[in-house]
Structure formats: C-alpha cells, structure tokens
Amino acid sequence: MKNELDQGRSLFGISLSDRPRWQQFLICSSGFFFGYLVNGICEEYVYNRLSFSYGWYFTFVQGFVYLALIRLQGFTTKQMVNPWGTYVKLSGVLTGSHGLTKGSLAYLNYPAQIMFKSTKVLPVMVMGAFIPGLRRKYPLHEYVSAVLLVIGLILFTLADANTSPNFSMIGVAMISGALIMDSFLGNLQEAIFTMNPETTQMEMLFCSTVVGLPFLLVPMILTGELFKAWNSCYEHPYVYGVLVFEAMATFVGQVSVLSLIALFGAATTAMITTARKAVTLLLSYMIFTKPLTEQHCSGLLLIAMGILIKLVPENKPPTLVLLPSTIAKHGKSLLKEVKKPSDNKGDEEDQEKRPLH
C-alpha cells in the first residue's frame, strides 16, 4: 500500500514518486525542519518581543494565509477525493488538542508540560493499532527507540529548568487529553492517505483549515481574545506582517509533515517532530554558546541511541531473484526448488483447515 501512496506524491513541485526512500525522507524532513525553525524564531519574537500572546487569533490568521497559499498552488474543491465529513472529525480532534494544550498551561508549569509533550510518539504508536484502516503493529526495537528518544528529550529540556515539574490533577487530565487527541490526529491522517492514496497534502490541509476556522471562533469569543487581539493589531499593524511571514513558514512545515505521514506513517513522523525539538534546543546552545552539562550530554546520548535503533532494518527473509541466464542453465530443477516454500505453505494451510479429532 505504501508503494501506491508514493505514486504521484510531490512536495512543492519536487517529485517524490521516482526517488529512493532516503531522498524522500531527506526532502520532507528538510522542509519540516526549515518551516518550524523559522516558526520558532518568529514565535519567540511575536510572543516575547511584541508581547502578542493571542494564540487562538494567530491560528485564525494563519488559516487564511494557508487558504491563500493553497489557492496559489492551484488546488480547487473539484480535486477533492474524500467527503467533507472526514475532515469535520479531523478538525474537531485538532481543535480539541490545541485547546486542551493551551488550557493546561494554567495548571502546569513549563517543565511539567515539556515532560508530557515529549511523550507524544508513544501514544501515537499505541493508537495506531486501534485505528480502522491501519491496525498497525510495530516491532519491539521501534518501541525501545521511542522510549529512549522520549527520555533523552526530557533529560535535555529539563537540564536547565529553574523549577521542578509541578503537577496538578486538572492540568494532567487536560494535557493527557491533548496527547490522546494528538495520537488520534496523526493516525487518522495516515488512515486517510492509506485508504485513499489519491488524497493530496493540499486537500488534507485545505479541508482541515476550512472546517477548523469556525471552531476557532467559539473560544475566541468566549474568552474575549478576538476583540483584544483585533485592537492590538489595529494599534500595531506591523504585527500582521510577522504573523503572515510565520504562517508562510509554518505552511511549508505543515505540508512537509503531511508528506512524511503519507510516505512513512504517523509514528515515524512523531519521532521526527520529537527529535526536532532536541535539534532546535541544541542549535540554540551552539549559537548562543550556552554551557552543556552532564545531563545535557546524557540526554543527547539517549536521543542518538534512539535514532540509531530506529534505523536498524527489520529481519526479513532474503528475496531470491532469478536471472534469465540462471533459469536457462539450471532449468526446471531450480524452479521446483523455488516453488517448494509456497507448496509447503499450502500444505500447512490445509493442515490448519482440517478438523481436530
């Protein structure tokens, strides 16, 4: 099925279908890292320098920028291959995840939130076994890889935290709900790509955005953020320039993430997004020459081990390739040998079907 997904897949005009897997992975990961690295810089500037802390409103503006960019890519609703109802579920899960994550900040301090958010890859892997159309099972070494990556990231991010994790039952319940919804989100996206290989990244992003925009109005109106953010941007219109630039960068990252999900699955994508946090933090230490402690190094070592274990190939029986010259030389005797495993398999199946006495 993954081979079917690869057919016709492209990223901003770059064809992925005729490239080897490692090139597909490199192109998609590069787009993701670039988009979210720029996003992180802009977010730091908007929230800290400009004191613009209206997350719902920013997501609302971001949605309209997405729609404009998707239109420039030439996408229209005539190209849709999935019903709108599919994306209503997807947008509901996405909005719920975003809302619970924002709400948990009122009850959890920064170290506690980091600990929970770093574990995202584990529920994504577990949830993949229950999503219709996937029923995905992962080998043991991938679970080990995910655990090492999670522990390493937690150690690294908490190495220079000024306070210890502070847990509140309400906050824990909210962030846990957000993690469950995140695990549903990635697997639902993968299931849509898997069950309908003609689904494009642009359709997924367009429909999710169109359906999701009305969901954003409810919390903005209830909290009064819509009017506060509007007045703030009216007084400082240059904020829109920063928001639009950040949305364009995030658009590149979002489309790249959807490409990764379509080609490599939700769990692998979750591991990449988790590793991205470590890379961003490491770059900040290298650029601003912050001292690395033993805990930082231990975290980096575990992250590296997790990535290396993930790269270990699965043990699959070798495939026998028969060349024409080999067949001509050995004739029917070789063909009989090749057929033996399948014949044995048929015998075994017959034995399984026999009634027990």
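Q: By about how much of a helical turn are F60 and F64 separated in helix 3?
A: F60 and F64 stand four residues apart in helix 3 (residues 55–72), so they are separated by about one helical turn. A helix here is a DSSP run of H or I with at least four residues, a strand is a run of E with at least two, and both are numbered from the N terminus. An α-helix has 3.6 residues a turn, so residues three or four places apart point the same way.

Q: What kind of model is this, and which values count?
A: This is a predicted model, in which local features need pLDDT of at least 70 and side-chain atom pairs count only at pLDDT 80 or more, while totals for chains, interfaces and linings use all residues. Residues are numbered from 1 along each chain as its sequence is written, and side-chain values use heavy atoms, with hydrogens and water left out.

Q: What makes F60 and F64 an aromatic pair, and of which kind?
A: The structure holds seven aromatic pairs. One of them joins F60 and F64, at 5.2 Å centre to centre and with 80° between the planes. Rings of Phe, Tyr and Trp (its six-membered ring) pair if their centres lie within 6.5 Å, and planes under 30 degrees apart count as stacked, over 60 as edge-to-face and the rest as tilted; the pair of F60 and F64 is therefore edge-to-face.

Q: How do F60 and F64 compare with the limits for buried and exposed?
A: Buried means under 20% relative accessible area, exposed means over 50%, and partly exposed lies in between, with a 1.4 Å probe and protein chains only. F60, with a relative accessible area of 16%, is therefore buried, whereas F64, at 45%, counts as partly exposed.

Q: What kind of aromatic pair do Y66 and F251 form, and which parts does the pair tie together?
A: The rings of Y66 and F251 lie 5.7 Å centre to centre with 55° between their planes, and the pair is tilted. Because Y66 lies in helix 3 and F251 in helix 11 (residues 238–264), the pair ties together parts that are 185 residues apart in sequence. Both residues are buried, and together with F12 they form one aromatic cluster.

Q: How do you know that the length of helix 3 agrees with its number of residues?
A: The expected span of a helix is 1.5 Å times one less than its number of residues. For the 18 residues of helix 3 this gives 26 Å, and the end C-alpha atoms are 26 Å apart, which agrees. Just after helix 3, G74 takes a positive phi of about 90°.

Q: Why is S259 called buried, and which residues does S259 touch?
A: S259 lies in helix 11, and its relative accessibility is 0%, so it counts as buried. Leaving out residues up to four places away in sequence, S259 touches L11, C28 and Q201, where a contact means heavy atoms within 4.5 Å.

Q: Why is A270 called buried, and which residues does A270 touch?
A: A270 is found in helix 12 (residues 266–287), and at 5% relative accessibility it counts as buried. A270 touches V121 and V124, again leaving out residues up to four places away in sequence. Its C-alpha atom is separated by 9.9 Å from that of P123, although A270 and P123 are 147 residues apart along the chain.
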